[in-house]
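The sequence and structure come next.

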Amino acid sequence: MEKPLLAHPTKFILSLLLAAAVVALAVYKGPELLQSNMKLASGVAPVADLVQRGVCIGLGTDGCSSNNNLDLFTEMDMAAKLHKASRLDPTVMDTTTVLRMATIDGARALGLDQVTGSIETGKKADIIVIDTRKPHLTPMYNPASHLVYAVGGSDVCATVVNGRVLMKDRRLLHMDLEKIMADARQIAKAIRDR
């Protein structure tokens, strides 16, 4: 039996699932939901409880309309800290759990864990390279902690998708960034002018 996938579930729905002790479930909890829920004062979903019960929780982004930020590193930081603060427990949502939610569990929630989500023989080569030679990343005592709490999207210096280098030295190799931004501004203007 395939696990049902919930995308952007609310605190209420996740609380009901927790009460029903549902574990045959995958949840794709887009991190923008964290910021959106904070903006709307919608509460904090019981993600830590669901993870503890074995529910697969994936973090990911799908658009900027409710978040204004597509930086997954910022969202990992927020996911870890929000749940610690709401539970008054610094051990909840440790960095290993949050990194797993942003990588292999995100792939697992979408049914793609045999293809991507971890660096293994036979999987797609989807990799980012982070420039750690920066003051805010020095010194580095715990790489997992740095990835969740200190690294930002602007620290990514290279991106490889399915073995193809898409960004090197922070330069897009196959896309015209200026044209993309100009097109986006044009579309935004058209939407505003409606």
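## The largest pocket

The largest pocket has a volume of about 1500 Å³. The model in which it was found is predicted. Its lining consists of 40 residues, and L72, F73, A102, I128 and T159 lie nearest the centre of the pocket.

Five elements each supply at least two residues of this lining: the helices α4 (72-87), α5 (95-102) and α6 (104-109), and the strands β4 (127-130) and β5 (156-161). The largest share, 4 residues, comes from β5. By residue class, the lining of the pocket divides into 23 nonpolar, 11 polar and 6 charged residues.

## Helix α5

Helix α5, one of the contributors to the pocket lining, is mostly covered, with 6 of its 8 residues buried. These buried residues are T95, T97, V98, L99, M101 and A102. A102 is also among the residues that lie nearest the centre of the largest pocket.

The buried residues of α5 pack against α3 (47-52), β3 (56-59), α4, α6 and α7 (143-149). At the start of the helix, a side-chain oxygen of D94 comes to within 3.1 Å of the backbone nitrogen of T96.

## The nonpolar core

The largest nonpolar core is made up of 23 residues, and L59, M76, M93 and V98 have the most contacts inside it. Two or more residues of this core come from each of α3, β3, α4, α5 and α7. V98 is also listed among the buried residues of α5. In soluble globular proteins, nonpolar side chains tend to be buried together.

## Overall make-up

The protein has 8 helices and 7 strands. Of its 194 residues, 36% are buried. Among contacts with a separation of 6 or more, 58% are between residues 24 or more positions apart.

K124 is located in the loop between α6 and β4. The residue counts as partly exposed because its relative accessibility is 39%, which falls between the limits of 20% for buried and 50% for exposed.

Apart from neighbours within four places in sequence, K124 is in contact with V115 and N162. The C-alpha atoms of K124 and V161 are separated by 7.5 Å, although these residues are 37 residues apart along the chain. V161 falls within β5 (156-161), one of the elements that supply the pocket lining.

## Backbone details

Most residues other than glycine have a negative phi, and most peptide bonds are trans. A few places in this model depart from that pattern. The peptide bond joining T138 and P139 is cis, with omega about -5 degrees. P139 lies in the loop between β4 and α7.

Phi of D169 is near 55 degrees, a positive value in a residue other than glycine. R170, which is not a glycine either, has a positive phi of about 65 degrees. How exposed are D169 and R170? D169 is exposed because its relative accessible area, 55%, is over the 50% limit. R170 has a relative accessible area of 45% and is therefore partly exposed.

Methods: Residues are numbered from 1 along each chain as its sequence is written. This is a predicted model: local features need pLDDT of at least 70, side-chain atom pairs count only at pLDDT 80 or more; totals for chains, interfaces and linings use all residues. Side-chain values use heavy atoms; hydrogens and water are left out. On a 1 Å grid over the protein atoms alone, a cavity is a set of points where a 1.4 Å probe fits but cannot get out, and a pocket is an open set with protein on both sides within 12 Å along at least five of seven lines; lining residues have an atom within 4 Å of a point. Grid points are joined across faces, edges and corners, and a volume is the space filled by probe spheres set on the points. Ala, Val, Leu, Ile, Met, Phe, Trp, Tyr, Cys and Pro count as nonpolar, Asp, Glu, Lys and Arg as charged, and the others, Gly among them, as polar. Buried means under 20% relative accessible area, exposed over 50%, partly exposed in between (1.4 Å probe, protein chains only). Contact means heavy atoms within 4.5 Å. A polar contact is a pair of N or O atoms within 3.5 Å; within protein, one must be able to donate a hydrogen and the other to accept it, and residues adjacent in sequence count only if both atoms are side-chain atoms. A nonpolar core is a set of buried Ala, Val, Leu, Ile, Met, Phe, Trp, Tyr and Cys residues joined through side-chain atoms within 4.5 Å.
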